[in-house]
Amino acid sequence: MASRVMAPPAPGTPFLLRNVYLKTLRDHRHGLLGWSIGMGLVVLLESLIWPSFRDMQDLDKLFEQYPDYMQRLFDVSAMTSGLGFINAELFTLLLPALFLVYAIGRGARLVAGEEEEGTLDVLLVTPLSSRRILLQKALALTTSVLALGVALYVVTLGCSLAIGMGIGPWEAFSGCLAMVLLGTEFGLLALGVGAATGRRALAVALPAALAVAAYVLYVAGLLVAGVDPWQHASPLEQALASGPLGGGLPLDFLWLLLGCVVVTLATLPTLDRRDIAAPG
């Protein structure tokens with residue numbers, strides 16, 4: 001078990017550096033800003049395509065030629081509206097993948113990354129218990145993903161208003177909330193795996209593999225009748241099935257929220273069970 005030295009912070013230590021939650025947010029602020037700008041550019045570029053796409057002739061006839069599985073997977077028939085276009089182009093596949101990459105990467109760095117860099121033991125000799133440290137890191141991760149979701153909401157709504165895509169505040173909210181809940185659940189899982197093993201590569205690989213498996217289950221449920229009863233177990237289905245843009249607040253979101261709570265509670269005691277050696 002890691003050594004616990006109940007020492008007060010040194011006089012003059014900035015408040016941000018004495019609070020794990022605020023310090024974690026401070027350490028990740030540049031990455032979050034970069035991700036927000038990059039995601040905003042993706043939404044902007046895709047939105048700029050909409051006017052020329054909208055003016056294409058015989059769109060309905062074109063979409064009727066799409067295979068049935070494409071119709072069900074991307075709701076192709078709805079792409080004649082701005083909401084349906086952005087839903088199919090971004091919120092059904094690309095944005096969920098980006099949120100998963102961001103959240104899993106951040107979650108893996110929060111504990112396993114610090115342990116591999118030799119800074120975790122320094123953190124563990126603060127007056128905070130290991131459970132409180134993990135809880136604050138989980139809250140910081142959730143806040144980061146939520147901030148990314150807010151950035152997505154602002155740029156989605158802004159592009160809709162500027163280009164006339166017809167995506168309202170409530171419709172954008174439901175889509176962005178789905179991305180936040182999905183990313184948070186897998187990001188917290190990466191945090192938990194990292195805290196339990198101290199191996200950053202495993203903290204990335206295991207949640208990523210589970211996310212791929214969840215997507216395969218989601219797609220298989222759309223295409224194969226025999227898999228349909230199991231499809232609801234997929235977090236991807238829980239996040240995307242209602243739209244996600246314009247899908248309101250489906251009860252499926254509660255499953256994602258419950259998953260976040262369960263993973264966090266399972267993570268809290270993990271550091272207590274491990275012997276974390278001092279760096280060097």
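These are my notebook entries on a predicted model of one protein chain.

**Ground rules**

I number residues from 1 along each chain as its sequence is written, and I keep to heavy atoms for side-chain values, with hydrogens and water left out. As this is a predicted model, local features need pLDDT of at least 70 and side-chain atom pairs count only at pLDDT 80 or more, while totals for chains, interfaces and linings use all residues.

**Confidence**

I looked up pLDDT (the predictor's confidence in each residue, from 0 to 100). Its mean over the protein chain is 86, and 92% of the residues reach 70 or more. Residues 1-7 stay under 50. For that stretch the model has 20 contacts beyond four places in sequence, a contact being heavy atoms within 4.5 Å. Where pLDDT is low, predicted coordinates should not be read in detail.

**Overall make-up**

I found 14 helices and zero strands in the protein chain. Helices (H or I, at least four residues) and strands (E, at least two) are DSSP runs, numbered from the N terminus. The C-alpha trace spans about 70 × 45 × 30 Å along its principal axes.

**Record against model**

The unreviewed UniProt entry places "transmembrane region" at residues 32-53, 83-104, 138-166, 172-194, 201-227 and 253-271. UniProt positions are in the numbering used here, feature names are shortened, and annotations may be inferred rather than shown by experiment. I checked two of the spans. Residues 138-166 are 90% helix and 0% strand, with end C-alpha atoms 36 Å apart. Residues 172-194 are 100% helix and 0% strand, and there the end C-alpha atoms lie 33 Å apart.

**H3 and H7**

I took axes as lines fitted to C-alpha atoms, for helices over the stretch in contact, with angles from 0 to 180 degrees between N-to-C directions. The axes of H3 (residues 29-54) and H7 (residues 94-117) come within 12 Å and cross at roughly 175°. H3 is therefore roughly antiparallel to H7; the classes are roughly parallel under 35 degrees, roughly antiparallel over 145, roughly perpendicular from 65 to 115, and oblique for the rest. The contact includes Trp-35 and Met-39 of H3, and Phe-99 and Arg-106 of H7. By class it has 10 nonpolar, one polar and one charged residues. Ala, Val, Leu, Ile, Met, Phe, Trp, Tyr, Cys and Pro count as nonpolar, Asp, Glu, Lys and Arg as charged, and the others, Gly among them, as polar.

**H7 and H9**

H7 packs against H9 (residues 130-163) at about 155°, with the axes 11 Å apart. That angle makes H7 roughly antiparallel to H9. Residues in the contact include Arg-106 and Glu-114 of H7 and Lys-137 of H9. I noted 11 nonpolar, three polar and three charged residues in the contact of H7 with H9.

**H10 and H14**

The axes of H10 (residues 169-197) and H14 (residues 252-267) come within 9 Å and cross at roughly 20°. These two helices are therefore roughly parallel. Among the meeting residues are Glu-185 and Gly-192 in H10, and Cys-260 and Thr-264 in H14. The contact of H10 with H14 divides into 13 nonpolar, six polar and one charged residues.
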